[in-house]
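Hi,

Here is the structure I promised to pass on. Have a look at it first, and then read my notes below.

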Amino acid sequence: MSKKNLREVALQLLQQVGEHGGYSHILINQAIQKNDLSNQDKGLLTEIVYGSLQRKLTLQFYLKPFVGNKKLDKWVQWLLYMSVYQMVYLDRVPDHAIINEAVQISKKKGHRGISGFVNGVLRNIQRKGVADFSTIEDPVERLSVETSHPAWMVERWVDQYGYEKTSEMCHSNIIQKQVSVRVQPLKLTRNQAMDILQSEGYEVSEAGLSPQGIHVDTGNVLNSSLFPNQITIQDETSMLVSEMMDLEENMKVLDACSAPGGKATHIAEKMKDSGEVLAYDLHAKKVKLVKDKAETLNLSNIQTNPYDSRKLQEVHSEETFDRILLDAPCSGLGVLRSKPDIKYHKNVSDIEQLSTIQNELLHSVLPLMKKDGKLVYSTCTVDHAENEWQIDKVLKEFPELEVDQSFFDQLPKECQSLDGLSEFGLQIFPQDFQADGFFITRLQWKY
């Protein structure tokens with residue numbers, strides 16, 4: 001594929017994700033499969049799409065002096081964003097080539113007037129350079145623009161965690177994420193997997209939060225002979241959730257919101273494919289993902305069913321499960337590195353609505369926990385309303401419930417001194433491990 005066509009694909013993806021809310025990682029993978037891209041082009045396409053999405057607000061700031069209040073079609077806006085992104089953040093392609101390709105695309109999609117406008121804007125930026133963030137006096141607005149996070153989000157985090165922690169988080173969110181995989185331990189050990197990956201040319205290292213985790217420092221691990229039957233792509237902090245379930249063989253376990261199945265299969269692996277893992281999710285299509293993943297990893301102890309977990313007391317008696325995982329639906333503000341489009345589509349009312357659903361789910365599944373059972377509550381977000389305040393609320397609603405204090409003792413030593421520790425559990429910030437932000441805690445009945 002020529003570079004021109006590559007950028008046309010990038011523009012189409014940006015419009016799909018940016019305007020219509022498509023999932024960037026799924027659409028990029030589909031585009032890569034549909035077009036016969038070289039490895040170099042795959043990397044450049046991914047970089048342009050993710051980079052332009054990740055820094056959309058910054059790019060708007062850069063373009064403002066050159067565009068003013070001129071009303072532009074959406075595709076022209078995205079063409080300018082992706083062109084300026086390449087000019088400012090990438091070294092591989094010279095500016096004149098970026099401008100020329102943008103002009104050719106605008107001629108093809110629009111008319112001579114639009115191509116002339118695009119050419120003029122980009123050549124002006126090339127000649128004059130982009131504005132400095134120091135021109136923004138308000139620190140919250142400056143951090144918002146500099147790291148491309150909506151101002152309401154920055155302001156909310158500053159209120160909850162302070163400016164310094166928020167600044168670290170926002171800057172961390174625009175850095176490329178570390179890729180991690182989880183070994184299927186019933187098929188091979190971590191050392192064996194690392195030896196094979198190294199022999200295939202990957203640079204790898206042990207992940208610290210799970211004995212099954214491996215960091216992949218270079219190379220596309222999707223091309224490894226171990227994928228997908230012997231290793232699963234999963235973030236290191238996501239692996240910690242199942243690690244903290246205090247699992248034993250032959251237990252009866254509920255995974256109440258299981259799709260796409262990363263944690264359900266991890267639970268099954270830790271139980272050595274014994275006992276039962278009942279994996280539910282709301283939609284049949286999503287539940288199929290869990291079933292497919294279990295089959296891929298040759299795990300037979302997972303039963304999948306589509307069901308609204310707010311109604312699980314209709315199908316399960318009280319005190320049925322030894323362990324329950326409630327990896328609750330959440331705003332996803334901990335995974336902005338890999339899903340940057342999330343930050344432009346969420347708002348405060350989303351957080352409030354999700355907080356209500358999380359509480360309903362807790363009320364539904366807590367009675368299903370045995371008297372000596374344990375429930376792990378987790379989210380992939382960073383917000384008190386969905387995490388610490390949620391747990392505080394449920395502890396007041398269920399006075400016989402408590403945070404399991406052994407949870408804190410069993411945390412990996414890397415987590416024992418994190419700033420996110422509180423009486424309600426552990427908030428992992430994205431900058432703590434250069435991975436996804438997660439909240440994890442473990443509840444039990446007082447006895």
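What follows is a short tour of some charged pairs and one threonine.

Before you start, keep in mind that this is a predicted model.

**Salt bridges**

Start with Arg 7 and Glu 101, a salt bridge whose closest N and O atoms are 3.0 Å apart. Arg 7 sits in helix α1 (residues 3-20) and Glu 101 in helix α6 (residues 95-109), so this pair ties together parts that lie 94 residues apart in sequence. Are these two buried or exposed? Buried means under 20% relative accessible area. Arg 7 comes out at 2%, so it counts as buried, and Glu 101 counts as buried as well, at 15%.

Next, go to Arg 182, which forms a salt bridge with Glu 269; here the closest N and O atoms are 2.8 Å apart. This pair also links distant parts of the chain, with Arg 182 in strand β1 (residues 179-183) and Glu 269 in helix α13 (residues 262-270), 87 residues apart. Arg 182 is buried, with a relative accessibility of 0%, and Glu 269 is buried at 2%.

**Thr 379**

Now for the threonine. Where is Thr 379 placed? You'll find Thr 379 in strand β9 (residues 369-379), and it is buried, with a relative accessible area of 0%.

Which side chain does the side chain of Thr 379 meet in a polar contact of 2.7 Å? That partner is Asn 387. A polar atom of the Thr 379 side chain also lies 3.5 Å from the backbone nitrogen of Thr 381. Leaving aside residues up to four places away in sequence, Thr 379 touches several others, including Asp 327, Ala 328, Cys 330, Glu 386 and Phe 438. Asn 387 is on that list of touching residues too.

Technical notes. Residues are numbered from 1 along each chain as its sequence is written. This is a predicted model: local features need pLDDT of at least 70, side-chain atom pairs count only at pLDDT 80 or more; totals for chains, interfaces and linings use all residues. Side-chain values use heavy atoms; hydrogens and water are left out. A salt bridge is a side-chain nitrogen of Lys or Arg within 4 Å of a carboxyl oxygen of Asp or Glu. Helices (H or I, at least four residues) and strands (E, at least two) are DSSP runs, numbered from the N terminus. Buried means under 20% relative accessible area, exposed over 50%, partly exposed in between (1.4 Å probe, protein chains only). A polar contact is a pair of N or O atoms within 3.5 Å; within protein, one must be able to donate a hydrogen and the other to accept it, and residues adjacent in sequence count only if both atoms are side-chain atoms. Contact means heavy atoms within 4.5 Å.
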